[in-house]
Amino acid sequence: MKAKLEDVARLAGVSPTTVSRMMNNRGYVSEATKTKVRSAMEELNYFPNDIARSLFNKRTHLIGLILPTTANPFFGELTFHIENLCAAHGLKVLLCNSLNRIDKEEQYAEMLMRNQVDGIIVGTHNRGILNYKRANLAVVAIDRYLSDTIPVVSSDNYEGGRLATQRLIDRGCQHIVHFNGPAELETPAQLRRKAFEDVMQQHGLPHYTYEIELPLDRDDQLTFIRRAFDEHPEMDGIFASNDMIAASVLYEAGVRGIRIPHDLKLVGYDGTNVISSAIPQLTTIRQPIEEIARTAIDVLLREIDGEFDEAERQTILPVQLYDGSTA
């Protein structure tokens, strides 16, 4: 039979109220008493009822995380850091892969609300689709504009785009192509494209952008990449908006016998551990992924505690150029 709180109290020789105070960290309980209660819990294999404790504390200690797909190394690494950091705060994470589908996002949002999560971290694209605020939830977006009231944490996308484009120009590129997501997406990542266009115009150079539909499927990527190679044989530089696209460029260049960096120079974006290990030679813009996760959690916890400053609507973190050999 499953042990109850009263069984723990009886074995420890204390009152049920004392056991409850210790588990909920309320009031004074001596270290000697805590030791006896812990020993009794271990002997009886007793685990506190999280649901009951959440009702008492008005907190579930659950955080929802909605992302397009953890198959993308950036989101996979981001998830790792968020889960790890949440665990350090005594929080559990409910992970939702939406594939940027509106119906899935709505279903996940409803599920998270039913589970009474304390807050949600969102990395999906569908602005205004999910009415999080109606449930009075704390919400933080990562590199996404969801509404005017939801704070955003992102890296310095404009500076990243500027560094990538300038690197290609400094390496002698005159005909540069940029691969990016759809222009209609209202995300800070669009600033990468803005920086690319600004720098190219400042140098009086022609520029071309190919928009790859999301979520990023490798076959779709290769379709656009092949088209760019066919339509711009003069192309001598590529700025890819993420390292997955850059990896596909490396593959297609190899198929065509195009030598990187001799014939074509390439800069990616993200700098995840997975891609850095698989393609250590890739020149890329490294996002501070762990710091993005840490900042998002910090903002979310302050929202949950009612300490969030309404003026802190956007946090921008610095990026770095990783000096690889592809550009």
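This report walks through the fold, cores, ring pairs and charged contacts of a predicted model.

## The overall picture

Let's start with the chain as a whole. The protein chain has 327 residues, and 49% of them are buried. Its secondary structure comes to twelve helices and twelve strands. If you look at contacts between residues at least 6 apart in sequence, 68% of them join residues at least 24 apart.

In soluble globular proteins, nonpolar side chains tend to be buried together. Here, the largest nonpolar core has 24 residues, and the members that touch the most others are I63, L78, I82, I121, I142 and L300. Strands β1 (62-67) and β4 (138-142) each supply at least two residues of this core, and so do helices α5 (73-88) and α12 (289-304). Helix α12 gives the largest share, with eight residues.

I121 is a handy one to click on. Setting aside neighbours within four places in sequence, I121 is in contact with I63, G64, L65 and I66, as well as I82, V140, I142, I297 and L300. There's also a second, separate core of 20 residues, and Y210, I212, I225 and A253 are among them.

## A cluster of rings

The structure holds four aromatic pairs. One of them is F196 with F239, a tilted pair with 6.5 Å centre to centre and 55° between the planes. F196 sits in helix α8 (residues 190-202) and F239 in strand β8 (residues 237-240), so this pair ties together parts that are 43 residues apart in sequence. F196 counts as buried because its relative accessibility is 0%, and F239 is buried too, with a relative accessible area of 0%.

F239 also pairs with Y269: their ring centres are 6.3 Å apart and the planes are at 40°, so this pair is tilted. Again the link is between distant parts of the chain, with F239 in strand β8 and Y269 in strand β9, 30 residues apart. Y269 is buried, as is F239. Put together, ring pairs link F196, F239 and Y269 into a cluster.

In one of them, R226 meets E252, with the closest N and O atoms 3.1 Å apart. This one links distant parts of the chain: R226 is in helix α9 (residues 218-231) and E252 is in helix α10 (residues 243-255), 26 residues apart. R226 is partly exposed at 33% relative accessibility, while E252 is buried at 4%.

D298 is partly exposed at 40% relative accessibility, whereas R302 is buried at 18%. Elsewhere, salt bridges with shared partners join R226, D230, E252 and R256 into one network.

The D270 side chain does make a polar contact with the side chain of Q287, at 2.7 Å.

D270 lies in strand β9 (residues 265-270). Not counting residues up to four places away in sequence, D270 touches F74, N242, D243, T284, I285, R286, Q287 and I289.

Methods: Residues numbered from 1 in each chain as written. Predicted model: local features only at pLDDT ≥ 70, side-chain atom pairs only at ≥ 80, totals over all residues. Heavy atoms only, no water. Helix = DSSP H or I, 4+ residues; strand = E, 2+ residues; numbered from the N terminus. Polar contact = N/O pair within 3.5 Å; in protein donor to acceptor, adjacent residues only side chain to side chain. Contact = heavy atoms within 4.5 Å. Core = buried A, V, L, I, M, F, W, Y, C linked by side-chain atoms within 4.5 Å. Buried < 20%, exposed > 50% of the residue type's maximum accessible area, 1.4 Å probe, protein only. Phe/Tyr/Trp six-rings, centres within 6.5 Å; stacked < 30°, edge-to-face > 60°. Salt bridge = Lys/Arg side-chain N within 4 Å of Asp/Glu carboxyl O.
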